[in-house]
Amino acid sequence: MGRAPANGKRSTPPPPPSGRCHFWLPNKRRHCANSPLPSSQYCGNHLPESASGAGRRVPCPVDPSHTVLEENLEAHVGKCPLKKQVAALAAQPYYSKGINSGGAEAEACRGITSAEKRAAVYRLTEDEFRGLLCKIRSVHAAAAVVRRESYLITDACDKWMGGQVDRKVPYQEKHVAQQASIVGNMEAFGLLRKGGAEVVGGENVAGSAQAVVEFGAGRGYLTQVLVDCYGIRNVFLVERRSYKLKADRSLRQNEDVTLERLRIDIEDLNLHGIEALRGLKYLAVGKHLCGPATDMTMTCCLPEQYDQTEERVHDKRSLQGLALATCCHHLCQWKHYTNKSFLSGLDITEEEFHAMTWFSSWAVDGDHSSPDSCVEVENTSSEAREQEKPDLENIGTERIIRSIPTGERAALGFMCKDIIDTGRLLCLRHKGLAADLVSYVPSDISPENRLLIAKCTS
């Protein structure tokens with residue numbers, strides 16, 4: 001994640017390289033890599049709407065991550081490169097649009113961007129803003145669960161900690177330490193057999209786990225550690241993006257391992273539709289599940305209806321436990337959050353929740369109020385850029401934010417993270433799981449060091 005300057009001032013972008021679009025990407029801290037149009041300093045994607053001949057750009061309905069000129073929309077939809085990919089995914093038995101989004105209420109709500117969260121905070125009067133800060137401190141003192149330190153590296157992970165792995169795979173000590181501590185906590189919590197002892201019939205005896213489903217798997221190296229050190233034999237990697245240098249190559253070379261990579265958004269994943277997973281007892285894991293991905297993973301594994309149908313009862317019995325490393329709380333959304341009743345019981349409204357999520361990144365970015373701060377996928381629309389400007393009538397709130405010492409802002413950010421994760425922890429316990437919330441690595445390895453760990457007790 002990028003960092004804003006320590007003094008909170010905006011940095012001036014450097015001149016663009018020759019032959020490159022002049023649009024500055026603050027999240028990536030570089031200029032757009034596309035070539036400019038012959039008559040402009042900008043490429044077609046970033047041509048200002050005020051420019052002569054510039055048409056209105058709208059999101060592609062097939063894949064909203066890119067835009068197209070409104071006048072060309074109909075023609076583009078017919079030839080969008082992602083159209084075939086989307087159609088193929090929709091035909092899969094495990095695809096169910098929005099099944100883990102949070103129900104009918106979530107479908108009626110749209111996501112709130114960080115720019116909109118910032119604008120809403122800046123619209124608060126000084127008294128309202130100070131009152132919100134007092135409320136957060138009071139709620140944290142009354143309800144937040146105290147995390148315990150639990151940096152555990154087991155003997156079973158010696159191979160990875162010592163770097164004795166295939167040198168063709170990416171090896172970074174800080175990431176290996178995180179992966180090893182996640183599985184170390186899983187062993188200590190009873191989800192894995194101590195010491196990575198012998199696997200019988202493809203089953204880890206202590207937790208009776210025959211498979212692992214890694215959510216937000218990325219390259220899949222957390223699962224690689226589980227396979228190498230604990231003998232898991234059935235592997236399912238859930239990831240919506242495409243990655244190079246994946247663990248898949250070395251996993252597929254292991255004849256004892258069955259691997260299935262599912263390129264799908266967690267929001268749309270129906271685990272019951274995965275034929276190869278049926279009848280297997282599995283563990284759900286995730287290393288750094290950004291924002292609402294944690295909530296959607298919990299919903300995916302433990303849906304509200306699990307005790308109302310035979311299928312859901314089967315799913316609950318198959319799940320043995322979870323180990324989910326949460327992060328990027330600033331991306332959390334009210335519509336996806338798994339324990340709204342917890343927040344409502346604390347008199348926290350939807351608007352206050354979104355303000356808390358915006359504050360939460362102060363824990364790892366001392367000046368999230370800076371527009372240069374990297375917080376989410378960039379929205380380059382003129383509407384979004386307009387929303388980032390605070391209302392001049394309420395400039396007092398921005399002044400207060402900038403006057404708060406960095407350490408105090410960070411402490412407030414951690415409080416917001418604590419409250420959000422406490423609700424998730426209590427949700428797991430309410431569903432009948434034994435659950436805990438720990439700091440699984442020191443903050444100097446990663447400030448995003450929270451691990452939700454849970455075990456099914458029936």
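This is a short tour of a few spots in a predicted model.

## Ground rules

Residues are numbered from 1 along each chain as its sequence is written, and side-chain values use heavy atoms, with hydrogens and water left out. Because the model is predicted, local features need pLDDT of at least 70 and side-chain atom pairs count only at pLDDT 80 or more, while totals for chains, interfaces and linings use all residues.

## Cysteines

Searching the whole structure for disulfides (pairs of cysteine sulfur atoms within 2.5 Å) turns up zero. Cys43 is in none, and its nearest cysteine sulfur, from Cys21, sits 3.8 Å away.

Cys43 has 2% relative accessibility, so it counts as buried. Buried here means under 20% relative accessible area, exposed means over 50%, and partly exposed is in between, using a 1.4 Å probe and protein chains only. Cys427 is buried as well, at 7%.

Arg424 belongs to helix H16, residues 406-430. (Helices are DSSP runs of H or I with at least four residues, strands are E runs of at least two, and both are numbered from the N terminus.) Is Arg424 buried or exposed? With a relative accessible area of 0%, Arg424 is buried.

The side chains of Arg424 and Asp295 are joined by a polar contact of 2.9 Å. That term means a pair of N or O atoms within 3.5 Å; within protein, one must be able to donate a hydrogen and the other to accept it, and residues adjacent in sequence count only if both atoms are side-chain atoms. Leaving aside residues up to four places away in sequence, Arg424 also touches others, including Met298, His329, Tyr337 and Leu452. Contact means heavy atoms within 4.5 Å.

## Where H5 meets H16

Helix H5 (residues 126-143) packs against H16 at an angle of about 55°, with the axes 10 Å apart. Axes are lines fitted to C-alpha atoms, for helices over the stretch in contact, and angles run from 0 to 180 degrees between N-to-C directions. The residues making the contact include Leu133, Ile136 and His140 of H5, and Leu412, Met415 and Ile419 of H16.

## Two loop residues with positive phi

Arg29 isn't a glycine, yet its phi is positive, about 55°. Arg29 sits in the loop between strands E1 (24-25) and E2 (30-31), and is partly exposed at 32% relative accessible area.

Asp347, another non-glycine residue, has a positive phi near 65°. Its loop runs between helices H12 (340-345) and H13 (350-360), and Asp347 counts as exposed at 54% relative accessibility.
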